[in-house]
Each structure stands twice: as structure tokens, then as C-alpha cells.
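Please look over the sequence and the structure before reading on.

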Amino acid sequence: MSGEKILVVEDENIVALGIKKMLKGMGFRVPSIAASGEEAIQKAEITFPDLVLMDIMLKGKIDGIEAAEKIYGTMDIPVVYLTAYSDDKILERAKRTKTYGYLIKPFEENTLQNTIKLALDNYRKEKEKKE
């Protein structure tokens, strides 16, 4: 498992760049960073990543949960949520979507790496079962 493309969706630029640096250090490729839900959908259509790391609270008309539903629903790309908010209302909304992980910020680098590896592995296993 190396070289997978991860789309980072985070509206705080310094945080996004930090995540990108971590991911590159783990051997992943980061083809793009998006700062809004709308931009995330556009960049997913262009780069077709292996996985999307999606902040839930984003600037723009749609939040990360809505963007994730669109990305997974139309492009079948797995999503791992990142959020600084862990309240029950947000968690319930996230649970209603097809999510492959949920990380509370700030998170440790090894937690991010393990979550991504598990998400990609679970996604691949599901695809194999369907075929």
C-alpha cells in the first residue's frame, strides 16, 4: 500500500499544508487541496483520488458531510472525516453517510496513517465482495 492519492479537504490552509506534509511523509500522494465542499467535489472529479480526507465544517454553501455524500454517491470514493467538533448531532449526521473513518482534531500522525490504511483496506474488501 503506497502511493495512493489522497484529496485533502480543509479550509484552514496551515492545517491543510500540515496534513499534506504528513501524508507525503507516509508515502501518499496529495494531488490537490480543497477548501470548500463545492471545490472538493470539483477536485475529486478531476483528480479521482483513492480516498478523501474531509473536514466537516467548511466554508461555502455545502459542508463536508454533504460533499462526502456527493463524492461517494457519484464517484464511489471513500471518505474519512476530520473534525474539531465531536458533538452528537454532527456524529449522527456523519454516521448516516458511508464513511470509512472519523478523526477528531488534533490527531497524531500514526492515528491518521492507521485510519487511512484501514479505510483503504475496508474499501477494497467491499469492492472485492461486490465483484
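How many residues does the largest nonpolar core have, and which of them have the most contacts inside it? The model is predicted. Its largest nonpolar core has 22 residues, and L23, L51, L53, L112 and I116 have the most contacts inside that core.

**Nonpolar cores**

- At least two residues of this core come from each of β1 (6-9), α1 (13-25), β3 (51-55), β4 (79-83) and α5 (109-130).
- The largest contribution is that of α5, which gives five residues.
- Leaving aside residues up to four places away in sequence, L23 touches I6, V8, F28, V30, L53, L112 and I116.
- Another core, of 21 residues, lies apart from this one; A34, A44, I62 and V79 are among its members.
- In soluble globular proteins, nonpolar side chains tend to be buried together.

**Helix α1**

- The 13 residues of α1 should span 18 Å at 1.5 Å a residue, and the end C-alpha atoms are 18 Å apart, which agrees.
- A16, I19 and L23 are buried in α1.
- Seen down the helix axis, the buried residues of α1 fall within an arc of 65°, so they line one face.
- These buried residues pack against β1, β2 (33-34), β3, β4 and α5.
- On the face of α1 turned away from the buried side are the exposed residues I14, K21 and G25.

**Aromatic pairs**

- The structure holds three aromatic pairs.
- For Y72 and Y100, the ring centres are 6.1 Å apart and the planes are at 50°, so the pair is tilted.
- Because Y72 lies in helix α3 (residues 64-75) and Y100 in the loop between α4 (88-95) and β5 (102-104), this pair ties together parts that are 28 residues apart in sequence.
- Both partners are buried: Y72 has a relative accessible area of 16%, and Y100 has one of 11%.
- For Y81 and Y102, the ring centres are 6.5 Å apart and the planes are at 70°, so the pair is edge-to-face.
- This pair links distant parts of the chain, with Y81 in strand β4 and Y102 in strand β5, 21 residues apart.
- Y81 is buried, with a relative accessible area of 1%, whereas Y102 counts as partly exposed at 24% relative accessibility.
- One aromatic cluster is formed by Y72, Y100 and Y123.

Conventions: Residues are numbered from 1 along each chain as its sequence is written. This is a predicted model: local features need pLDDT of at least 70, side-chain atom pairs count only at pLDDT 80 or more; totals for chains, interfaces and linings use all residues. Side-chain values use heavy atoms; hydrogens and water are left out. A nonpolar core is a set of buried Ala, Val, Leu, Ile, Met, Phe, Trp, Tyr and Cys residues joined through side-chain atoms within 4.5 Å. Buried means under 20% relative accessible area, exposed over 50%, partly exposed in between (1.4 Å probe, protein chains only). Helices (H or I, at least four residues) and strands (E, at least two) are DSSP runs, numbered from the N terminus. Contact means heavy atoms within 4.5 Å. Rings of Phe, Tyr and Trp (its six-membered ring) pair if their centres lie within 6.5 Å; planes under 30 degrees apart count as stacked, over 60 as edge-to-face and the rest as tilted. The expected span of a helix is 1.5 Å times one less than its number of residues. The arc is that of the directions from the helix axis to the C-beta atoms.
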